[in-house]
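The sequence and the structure come first.

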Amino acid sequence: MGKQIVIIGAGLAGTTAARELSQAGQPVTLIDPEAGDTYERPPLSKHLFDDARYHLPYHLESDEGITFVRHRAVSLTLAEAGAEIAGTVHLASGETLDFTHCILATGMEADRPEIPGYPDALPVYNLGEAEWIRGFVAEAGDPLDVGVLGSGYLGIEVASAAVAAGHKATVYLRGTEPLRRQLSAPVRQALFAKHREAGVRFVTEHTDAAAIPQGVHDLFVTSVGARPVRIPINGSLPTTDEHPADPEGTVAGEAPTFAWDVDAHLRTAYPGVWAAGDCAHITGGRFPLNHPWACEPVAESHGKYLAEQILAEDADSGVRDWTTASAGVEPWDDVPWHWSFQGPEKVFTAGLTSPDATDTIVRSDPSGAKFQVFHFAGPEPEAELVGVETLNWPPMQAAARRVLAGSNRPTRAQLENPEFDFKAHSRL
């Protein structure tokens, strides 16, 4: 029996896997109400107030290799051990699809709090929302007063982009500073100062949406987190680990959210089922994290990796053993990285970084305007580099990714030496 591959979700991870499989001659079914017509999310929040291209579509055509099923998958049931198939996908239409391999690439959905006095408040988490905001801005003509609830990347990108385009922006923060759960103190504090200097207004320690003054803002954007879209498998949702799906963390009183735990080969605990992108929580390998990576480079990498892993299987080997890795396929170990353009400020992370780290090393250019924060596996002088944050220094971000991808990662002692040339080391 040949492979019957089903991918649920047509974002970057799912689309990438489908394209890679199809180009290798392997038929695949892609399930998503918007299959073939999805798009890259990060630019949505960065270019709401200018004329730059604000989304990148994922062009994918239904052909002999890729079958689109434009319905919503509502559940999976697994087959008995030893069966030729691994399980069945149940669709909202009532139809079913059997599979030997299923990739969950369902992504995340944004939380949508109500803001009293602002019935049109919305996140910027899909193309329709971005187009509505761009249309509102275009019709207004005059500078707007923009309110933002949330202290994560998306909210700060919206506020900084608004100010850079000549609008006013006020950010209501849950804590005392923005990006507290995303970036280490040197980076987030530098960004906080730069954004205030640029004109972004911050209201700190804000915990009640009802306290936001009504009638002040012309436009209101919410950015209070997102959570993985989950599909029951044999009637169960992932509940084994209390890892918040939202890097912002869960709000007091909210039920915790969960992603699918996967191993270093992106396998779930269910035979024949993998998870990729924003709905996957990686528990092993070089880059485990206590929440989904939730960034586009990782989603694309996951899609390519899973296509490679599935293609490496021997379709004629008889009953499949989904509990072992495909022959010749190493664990997923691409360097995860993230980028956030906040008005004129450009911030990057690569590898494992921690917002709570206090034993980092900071290195800057002679002006001090550009710098990097280096994170290590431990406090010892011989501890290896595991992650790097970079502010406004793109060439050094590229160097960080090269170093982390290699086998000659420098130690704390090396980077403490002012004579150590990190960029030259990245070329070794």
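V347 stands opposite L391 in β23. The model is a predicted one.

On β20, 6 of the 7 residues are buried, and the strand is mostly covered. β20 also pairs with β19, in the antiparallel sense and over 6 bridges. In that pairing, F341 is opposite K346 of β20. β19 and β20 form a hairpin that leaves 2 residues between them, and G343 in the turn has a positive phi of about 60°.

The facing residues named so far are collected here.

| Residue | Opposite residue |
|---|---|
| V347 | L391 in β23 |
| F341 | K346 in β20 |

These strands belong to an open sheet of 5 strands with antiparallel pairing, in the order β19-β20-β23-β22-β21. At its edges are β19 (337-342) and β21 (361-364), each of which pairs on one side only. On average, neighbouring strands of this sheet are turned by 15° against each other, direction ignored. In general, the strands of a sheet pair through backbone hydrogen bonds, either parallel or antiparallel. A helix is also placed against this sheet: α3 (residues 153-164) lies across β19 and β20 and runs at about 30° to β19.

Where does T100 lie? T100 is in the loop between β8 (96-99) and β9 (101-104). T100 is buried, since its relative accessible area is 0%, below the 20% limit. The side chain of T100 makes a polar contact of 2.7 Å with the side chain of H101. A polar atom of the T100 side chain also lies 2.8 Å from the backbone nitrogen of Q4.

E84 sits in another loop, the one between β6 (73-78) and β7 (87-91). Is E84 buried or exposed? With a relative accessibility of 56%, E84 counts as exposed, because the limit for that class is over 50%. E84 and G2 are 82 residues apart in sequence, while their C-alpha atoms are 9.4 Å apart in space.

The cysteines come next. How many disulfides does the model have? The count comes to 0 disulfides. A disulfide is a covalent bond between the sulfur atoms of two cysteines. For C102, the closest cysteine sulfur is that of C279, at 9.8 Å, so the pair is too far apart for a bond; the cut-off is 2.5 Å. C102 counts as buried at 0% relative accessibility. C295 also counts as buried, at 5% relative accessibility.

Some totals describe the chain as a whole. The protein chain holds 8 helices and 23 strands. It has 428 residues, and 54% of them count as buried. Of the contacts between residues at least 6 apart in sequence, 64% join residues at least 24 apart. The accessible surface of the protein chain comes to about 18800 Å², and carbon and sulfur atoms account for 48% of that area.

Terms used:
Residues numbered from 1 in each chain as written. Predicted model: local features only at pLDDT ≥ 70, side-chain atom pairs only at ≥ 80, totals over all residues. Heavy atoms only, no water. Helix = DSSP H or I, 4+ residues; strand = E, 2+ residues; numbered from the N terminus. Buried < 20%, exposed > 50% of the residue type's maximum accessible area, 1.4 Å probe, protein only. Contact = heavy atoms within 4.5 Å. Areas by Shrake-Rupley, 256 points an atom, 1.4 Å probe, with all protein chains shown as cover. Polar contact = N/O pair within 3.5 Å; in protein donor to acceptor, adjacent residues only side chain to side chain. Pairing = 2+ DSSP bridges. Axes fitted to C-alpha atoms, helices over the stretch in contact; angles between N-to-C directions.
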